[in-house]
Amino acid sequence: MSKNSLLSESVIIDVPFHDCDPMQVVWHGNYARYFEVARSALLRKMNYDYEEMSKSGYVWPIVDMRVKYIASARYAQKIKVDAHLVEVESRLKMEYLITCLETGKTLTKASTIQLAVDLETQELQFVTPAVFTDKLNGELHG
């Protein structure tokens with residue numbers, strides 16, 4: 001777990017053949033999908049997945065993604081993807097850790113930043129909307 005984590009969730013993924021290059025190594029662009037699977041699981045945990053976001057009047061596009069590839073994930077490998085929510089004040093910052101399920105070896109570290117945008121006005125929100133912090137507090141204290 002990340003030291004600064006407010007909320008965390010993990011998913012297990014069996015690396016499919018179609019995610020790999022001819023050397024049976026996961027193509028680097030597919031890691032973004034693995035982060036998405038874990039991020040969605042974390043948001044569902046607090047009942048604020050993308051459908052709920054939209055219903056609340058906001059979208060949260062990713063504006064920054066950083067990835068450090070440490071070792072390769074490979075075809076048929078079971079990987080664990082941990083998502084940690086670490087910032088919520090004026091943006092959502094998530095950190096990710098991908099490890100080999102069998103060995104625990106670190107494969108990838110990453111982070112994403114999402115900003116709230118009002119669906120009606122298309123205006124960027126400089127303060128995290130209360131609907132998000134209310135959902136988070138409900139999960140943490142409910």
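**View 1. Cysteine C20 in the predicted model.** C20 has a relative accessible area of 16% and is therefore buried (buried is under 20% relative accessible area, exposed over 50% and partly exposed in between, with a 1.4 Å probe and protein chains only). This is a predicted model, in which local features need pLDDT of at least 70 and side-chain atom pairs count only at pLDDT 80 or more, while totals for chains, interfaces and linings use all residues. Residues are numbered from 1 along each chain as its sequence is written, and side-chain values use heavy atoms, with hydrogens and water left out.

**View 2. C20 and C100.** Zero disulfides are found in a search of the whole structure (a disulfide is a pair of cysteine sulfur atoms within 2.5 Å). For C20, the nearest cysteine sulfur is that of C100, 14 Å away. That distance is too far for a bond. C100 is buried, at a relative accessible area of 9%.

**View 3. The F17 and Y75 rings.** Six aromatic pairs occur in the structure (ring centres of Phe, Tyr and Trp, the last by its six-membered ring, lie within 6.5 Å; planes under 30 degrees apart count as stacked, over 60 as edge-to-face and the rest as tilted). The F17 and Y75 ring centres are 5.7 Å apart with planes at 85°, so this pair is edge-to-face. F17 is exposed at 56% relative accessibility, whereas Y75 is partly exposed at 38%.

**View 4. The Y31 and Y34 rings.** With centres 5.9 Å apart and planes at 70°, Y31 and Y34 form an edge-to-face pair. Both residues are buried. Y31, Y34 and Y69 make up one aromatic cluster.
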